[in-house]
Amino acid sequence: NSMAAERAIDKLKQAFSIDSRSSYPIYKDGELILTVYWRPLTIADRDTINATLIASNRGQEEGSLEFSLQIIINKAEDENGNKLFSEGDRASLRREIPMAVLIELMTKMQGVGEEATPDAVKSTSGQE
């Protein structure tokens, strides 16, 4: 009978599936430039990102822009689940994209603005 009771870990995994993707459209002058998709950031992701930053001597301040930039490089996907950016794009992202654009995206990806999450996810994650 104890099998019938759902385990706490299963309840969490079901409610907060890391397979559910969020999305964020980036517009300029009313025109859609790019829609960025991502799966939730996990502790494992965070460790991977920190390891990458340490390996490239970029330190480990969690709140730093380097950390946030690494989240974008590691996690940003297109609608088909392909990575949008590679390590080779880092310099361009740092030097050629306005900081405000990236900060807005980072904020969404790190779940700081929670209002954009669960219900919006369900409507965008279903296959058309």
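Two residues are taken to be in contact when heavy atoms lie within 4.5 Å. Helices (H or I, at least four residues) and strands (E, at least two) are DSSP runs, numbered from the N terminus. The model described here is predicted, and local features are reported at pLDDT of at least 70, side-chain atom pairs at pLDDT 80 or more, and totals for chains, interfaces and linings over all residues. Residues are numbered from 1 along each chain as its sequence is written, and side-chain values use heavy atoms, with hydrogens and water left out.

The chain holds 6 helices and 2 strands, arranged from the N terminus as α-β-β-α-α-α-α-α. Contacts between residues at least 6 apart in sequence join partners at least 24 apart in 47% of cases.

Helix H3 (residues 65-75) is mostly covered, with 9 of its 11 residues buried. These are Glu66, Phe67, Ser68, Leu69, Gln70, Ile71, Ile72, Ile73 and Lys75. Their packing partners are strand S2 (31-38) and the helices H2 (43-55), H4 (90-96) and H5 (99-109).

Leaving aside residues up to four places away in sequence, Met109 touches Trp38, Ile71, Ile72, Lys75 and Ala76.

Turning to H2, this helix of 13 residues reaches 18 Å from its first C-alpha to its last, close to the 18 Å expected at 1.5 Å a residue (the expected span being 1.5 Å times one less than the number of residues). Its buried residues are Asp45, Ile49, Asn50 and Leu53. They lie on the same side of H2 because they cover an arc of only 135° around the axis, the arc being that of the directions from the helix axis to the C-beta atoms. These buried residues pack against H3 and H4, while the face turned away from them carries the exposed residues Ile43 and Ala55. After H2 comes Asn57, with a positive phi near 55°.

Terms used: Buried < 20%, exposed > 50% of the residue type's maximum accessible area, 1.4 Å probe, protein only.
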